[in-house]
Amino acid sequence: SEHKASLALVDRYMLNVLAEFCSEVASCYERYAFPQAVSEINHFVNTRLSAYYLDISKDRLYAEGASSPERRTGQFVLTLILENLLKALAPVAPHMCQEMYHFTPKGVIDGFLSVEGEGPEKDDDCDEHRLECVFTHGWFRYDPELWCSKDVVDKMKVIS
């Protein structure tokens, strides 16, 4: 995709981590292993997202200009993370996820629908996503073939 070509190494690594997370949580739900799914979500949020990715990315997200490529690629990855994290949490915390979805800015929701060119077209003047449900956007959306790279993981082992 056009976004992947411009992603920093840490962004590509986080897509690897996100793909593994989505796969593991989906497997937990398929086995009805809800406590294990919650444990995976907790580990992802606390260790991989908060203590790692957000810590590394915060400078470019706060200091770079609004339209800088570095900031935009970080926002792109964070949009994918938010979308898949809401979907991971929705089976065990549906009301909280629906509220988060409801208060997510329309542009971000449109990103859920248009990342990688997927999803229906939306009218910019329409606020119809406020009537939708987090469950109407399907299950996890990730592409291990596109997002995963052993080379990226090997390069990031030094700092992760």
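# Reading the core, rings and charges

User: How many residues make up the largest nonpolar core, and which of them touch the most other members?

Analyst: That core has 37 residues, and Leu18, Phe21 and Phe44 touch the most other members. A nonpolar core is a set of buried Ala, Val, Leu, Ile, Met, Phe, Trp, Tyr and Cys residues joined through side-chain atoms within 4.5 Å. This is a predicted model, in which local features need pLDDT of at least 70 and side-chain atom pairs count only at pLDDT 80 or more, while totals for chains, interfaces and linings use all residues. Residues are numbered from 1 along each chain as its sequence is written, and side-chain values use heavy atoms, leaving out hydrogens and water.

User: Which helices supply that core with at least two residues each, and which gives the most?

Analyst: Helices here are DSSP runs (H or I, at least four residues; strands are E, at least two), numbered from the N terminus. The protein has eight helices and zero strands. At least two core residues come from each of α2, α3, α4 (69-89), α5 (94-103) and α8 (150-156). Helix α2 gives the most, with 13 residues.

User: What does Leu18 touch, leaving aside residues up to four places away in sequence?

Analyst: A contact means heavy atoms within 4.5 Å. By that rule, Leu18 touches Phe44, Leu80, Ile81, Asn84 and Trp147. For the whole protein, 72% of the contacts with a separation of 6 or more join residues 24 or more positions apart.

User: How many aromatic pairs are there?

Analyst: A pair of aromatic rings is described by the distance of the centres and the angle of the planes. Rings of Phe, Tyr and Trp (its six-membered ring) pair if their centres lie within 6.5 Å; planes under 30 degrees apart are stacked, over 60 edge-to-face, and the rest tilted. The structure holds five such pairs. Phe21 and Phe44 are stacked, because their ring centres are 4.2 Å apart and their planes stand at 20°. This pair links distant parts of the chain, with Phe21 in helix α2 (residues 9-30) and Phe44 in helix α3, 23 residues apart. Tyr29 and Phe34 are tilted, since their centres are 5.5 Å apart and their planes lie at 55°. Ring pairs also link Tyr29, Tyr32, Phe34 and Trp139 into a cluster.

User: Are Tyr29 and Phe34 buried or partly exposed?

Analyst: Buried means under 20% relative accessible area, exposed over 50%, and partly exposed in between (1.4 Å probe, protein chains only). Tyr29 is buried because its relative accessibility is 10%, whereas Phe34, at 34%, is partly exposed. Phe21 and Phe44 are both buried. Across the protein, 39% of its 160 residues count as buried.

User: How many salt bridges does the structure hold?

Analyst: Side chains of opposite charge can pair when their charged atoms come close. The cut-off is a side-chain nitrogen of Lys or Arg within 4 Å of a carboxyl oxygen of Asp or Glu. The structure holds five salt bridges. One of them joins Lys87 to Glu83, with the closest N and O atoms 2.8 Å apart. Both residues lie in helix α4, four residues apart, about one turn of the helix. Lys87 is buried at 5% relative accessibility, and Glu83 is buried at 2%.

User: What is the N to O distance in the bridge between Lys58 and Asp55?

Analyst: Their side chains meet at 3.0 Å, N to O. Lys58 and Asp55 are three residues apart in helix α3, so about one helical turn separates them. Lys58 is partly exposed at 38%, and Asp55 is partly exposed at 41%.
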